[in-house]
Amino acid sequence: MQMNGPKTITFNWKTQYQLTISISPSGSGSTNPAAGSYWYDSGSNIQVTANANPGYTFDYWTLDGSNMGSSNPYSATMSAAHSLVANFKVSTVSLLTLIRRRK
């Protein structure tokens, strides 16, 4: 672009929000996308999948402190910044195995 006279520049801004994904308890599983912080465009629907490590099962999602149920994957709509936690629990099979080993 030559600057040989007045020019107009137009900027188009997008609103983005941060999604922070974490796991509870630590070491019990993983998520896809991985635990961490990401920026997404306003209105985006982001699917997050929870995967349990051996000895654990996926239990439920927490979004901004509220229990969102156990649907897996979970779809978060980016209308604000969000904190999403994948909550896991020790699997019943693992508890039974430990009990049997102690006998």
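Trainee: Where does Pro-25 lie?
Mentor: In the loop between strand E1 (16–24) and strand E2 (29–32). Helices (H or I, at least four residues) and strands (E, at least two) are DSSP runs, numbered from the N terminus. Mind that this is a predicted model: local features need pLDDT of at least 70, side-chain atom pairs count only at pLDDT 80 or more, and totals for chains, interfaces and linings use all residues. Residues are numbered from 1 along each chain as its sequence is written, and side-chain values use heavy atoms, with hydrogens and water left out.

Trainee: Is the peptide bond from Ser-24 to Pro-25 cis or trans?
Mentor: Cis, with omega near -10°.

Trainee: And where is Pro-33?
Mentor: In the loop between E2 and strand E3 (36–41). The bond from Asn-32 into Pro-33 is cis too. Its omega is near 0°.

Trainee: Switching topic. How do E5 and E6 pair?
Mentor: In the antiparallel sense, over three bridges. Two strands pair if DSSP finds at least two bridges between them. Trp-61 has Gly-69 in E6 as its bridge partner.

Trainee: How many residues sit between E5 and E6 in the hairpin?
Mentor: Two. Asp-64 is in that turn. The loop runs between strand E5 (56–63) and strand E6 (66–69).

Trainee: What about the phi of Asp-64?
Mentor: Positive, about 50°, although Asp-64 is not a glycine.

Trainee: How exposed is Asp-64?
Mentor: Partly exposed, because its relative accessibility is 42%. The scale: buried is under 20% relative accessible area, exposed is over 50%, partly exposed is in between (1.4 Å probe, protein chains only).

Trainee: Next, Tyr-74. Buried or exposed?
Mentor: Buried, because its relative accessible area is 11%. Tyr-74 belongs to strand E7 (residues 74–77).

Trainee: Which residues does Tyr-74 touch?
Mentor: Leaving out residues up to four places away in sequence, Ile-46, Gln-47, Val-48, Trp-61, Leu-63, Met-68 and Leu-84. Contact means heavy atoms within 4.5 Å.

Trainee: How far apart are the C-alpha atoms of Tyr-74 and Trp-61?
Mentor: 7.7 Å, with the two residues 13 apart along the chain.

Trainee: Last one. Where does Phe-11 lie, and is it buried or exposed?
Mentor: Phe-11 lies in the segment before E1. Phe-11 is exposed, because its relative accessible area is 59%.
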